[in-house]
Amino acid sequence: MKGQKQLNNKIEEILKEFETADRLKPDPYFKTRLQARIDEKEKQQLGISFRIKSFAPGLALGLIIVINAITGISFFLGPDQYGTTREVQLETFGEVYGLNQSPETFLSIE
């Protein structure tokens, strides 16, 4: 019991010291410096995101062009899934339907 009273008295003394202590004055330029740091960070982030956003459409268009070029080249120059070329397919098509069997004249518009 006596220990509890001493503890309570000590706590009250400490609280009174906090109430009577001189308050620290805040730095008048703290808000200005903090706002400047925040603005600087926002400008850096805006610059990075702007650069990424400005290159994204060009990169997407370039990727689409490359994919289309690869697809076109493989379609017209390479063999199909059965290993036959387009010329052989055109000849077979012409034979089946009784058309001219030359791929050059088959594709030309007359």
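This short talk walks through a predicted model of one protein, from its overall make-up to a few of its residues.

Residues are numbered from 1 along each chain as its sequence is written, and side-chain values use heavy atoms, with hydrogens and water left out.

Let me start with confidence, where pLDDT is the predictor's confidence in each residue, from 0 to 100. The protein averages 78, and 79% of the residues score at least 70. Where pLDDT is low, the predicted coordinates should not be read in detail.

As for the fold, the protein has four helices and zero strands, in the order α-α-α-α along the sequence; helices (H or I, at least four residues) and strands (E, at least two) are DSSP runs, numbered from the N terminus. Of the 110 residues, 5% are buried, where buried means under 20% relative accessible area, exposed means over 50%, and partly exposed lies in between, with a 1.4 Å probe and protein chains only. The accessible surface comes to about 10700 Å², and carbon and sulfur atoms hold 64% of that, the areas being computed by the Shrake-Rupley method with a 1.4 Å probe, and for residues only the protein chains shown count as cover.

Turning to helix α3, residues 86-97, we have 12 residues that reach 17 Å from first C-alpha to last, close to the 16 Å expected at 1.5 Å a residue; that expected span is 1.5 Å times one less than the number of residues. Its buried residues are R86, L90 and G94. Seen down the axis of α3, these buried residues fall within an arc of 75°, so they line one face of the helix, the arc being that of the directions from the helix axis to the C-beta atoms. R86 has a relative accessibility of 16%, and its C-alpha is 8.4 Å from that of F75, which is 11 residues away in sequence. Just after the helix, G98 takes a positive phi of about 70°.

Finally, the surface. L7, I11, I14, L15 and F18 make a nonpolar patch of about 500 Å²; patches are made of residues with over 30% relative accessible area and no salt bridge, with like charges joined within 9 Å and nonpolar side chains (Val, Leu, Ile, Met, Phe, Trp, Tyr) within 5 Å. Of these residues, I11 is found in helix α1, residues 2-20, and is partly exposed at 41%.

Conventions:
Predicted model: local features only at pLDDT ≥ 70, side-chain atom pairs only at ≥ 80, totals over all residues. Salt bridge = Lys/Arg side-chain N within 4 Å of Asp/Glu carboxyl O.
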